[in-house]
Amino acid sequence: MTTVAVVEDDAEILAAVTRGLTERGHAVTGAGTGLGGLAGIVEQHPDVVVLDLGLPDIDGLELLRMLRAVSAVPVIVATARDDEREIIRTLDAGADDYVVKPYSADQLDARIRAVLRRVRSEDAEEPVQIGGLTLDARRRVAAIDGSPMDLSRKEFDLLWHLAGRKGEVVTKRELLAAVWRQPYGGPEKTIDVHLSWLRTKLGESARSPRYLRTVRGVGVMLVDPEAP
């Protein structure tokens, strides 16, 4: 049975979500405040969190950042905020998925199952070694030439996806769909920004690439700089 922590200040929505997910076989705990929800998540270790952004005591985005500092639990943000910049900012802050209200229990249940499939797939993966780069999806850690890399959640996800396609050009559209969960496209600038941050942490630059090679007008690929 999947355990779901729902952080939602609207009592009617919280009751409806709890009832809908319980009917679909989940064990649900609820909290009407952000800090109360955070305390419960840290104590109970749920399988997934459903988080509203409009909370009475703390902004949900700030709560997400606090949660990411102490836990890698999958988070689905469920909110009325539908501004594209807000969605991108939330995903970059560590959310695994984003659903806009109103949504059905069936849709939320499907998103929970999809997020957990991705997480369990990562847990089953063995560490990857590409040149001096090591990626461990189970622990969500990376190292370059033996030195740990300080990566954000999205930076790790981006690097892991590219590692899974080592030596292949991956389009930005695919990256938006796979990493940012935007299957119909979106602003590609956010990918460029994250690639720039990754290059810095890999000890390279766009002018002097080693691991990350951009194919102009097509996409980017991760390569072994030591390979012939």
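Trainee: Which residues line the largest cavity?

Mentor: The lining of the largest cavity is made up of Val6, Val7, Glu8, Ile13, Val17, Val50, Leu51, Asp52, Ala78 and Tyr103. On a 1 Å grid over the protein atoms alone, a cavity is a set of points where a 1.4 Å probe fits but cannot get out, and lining residues have an atom within 4 Å of a point. Keep in mind that this is a predicted model, in which local features need pLDDT of at least 70 and side-chain atom pairs count only at pLDDT 80 or more, whereas totals for chains, interfaces and linings use all residues. Residues are numbered from 1 along each chain as its sequence is written, and side-chain values use heavy atoms, with hydrogens and water left out.

Trainee: Which elements give two or more residues to that lining?

Mentor: Those are β1 (3-7), α1 (11-23) and β3 (48-51), where helices (H or I, at least four residues) and strands (E, at least two) are DSSP runs numbered from the N terminus.

Trainee: And what is the volume of the largest cavity?

Mentor: It comes to about 40 Å³, taken as the space filled by probe spheres set on the points, with grid points joined across faces, edges and corners. The count of cavities of 30 Å³ or more is one.

Trainee: OK, switching to the packing. Which residues touch the most other members of the largest nonpolar core?

Mentor: Leu133, Leu162 and Leu222 do, in a core of 48 residues; such a core is a set of buried Ala, Val, Leu, Ile, Met, Phe, Trp, Tyr and Cys residues joined through side-chain atoms within 4.5 Å. Here buried means under 20% relative accessible area, exposed over 50%, and partly exposed in between (1.4 Å probe, protein chains only). Helix α6 (residues 153-164) supplies the largest share of this core, six residues. A second, separate core has 16 residues, including Val28, Ile76, Val99 and Leu108.

Trainee: What does Leu133 touch?

Mentor: Leaving out residues up to four places away in sequence, Leu133 touches Val128, Ala143, Ile144, Met149, Leu159, Leu202, Tyr211 and Leu222, where contact means heavy atoms within 4.5 Å.

Trainee: Now His26: is it buried or exposed?

Mentor: His26 counts as buried, at 8% relative accessibility, and its place is in the loop between α1 and β2 (27-31). The side chains of His26 and Asp109 are joined by a polar contact of 2.6 Å, a term for a pair of N or O atoms within 3.5 Å where, within protein, one must be able to donate a hydrogen and the other to accept it, and residues adjacent in sequence count only if both atoms are side-chain atoms.

Trainee: Where does His45 sit, then?

Mentor: His45 is in the loop between α2 (34-44) and β3, and this histidine is exposed, with a relative accessible area of 61%. Phi of His45 is near 50°, a positive value in a residue other than glycine.

Trainee: Which peptide bond is cis?

Mentor: The bond from Lys101 to Pro102 is cis, with omega near -5°, and Pro102 lies in the loop between β5 (97-100) and α5 (105-123). As background, most residues other than glycine have a negative phi, and most peptide bonds are trans.

Trainee: Last one: what does the side chain of Arg213 reach?

Mentor: The Arg213 side chain reaches the backbone oxygen of Arg210 at 3.1 Å. Arg213 is placed in strand β11 (residues 212-215) and counts as partly exposed, at 32% relative accessibility.

Note on methods:
On a 1 Å grid over the protein atoms alone, a cavity is a set of points where a 1.4 Å probe fits but cannot get out, and a pocket is an open set with protein on both sides within 12 Å along at least five of seven lines; lining residues have an atom within 4 Å of a point.
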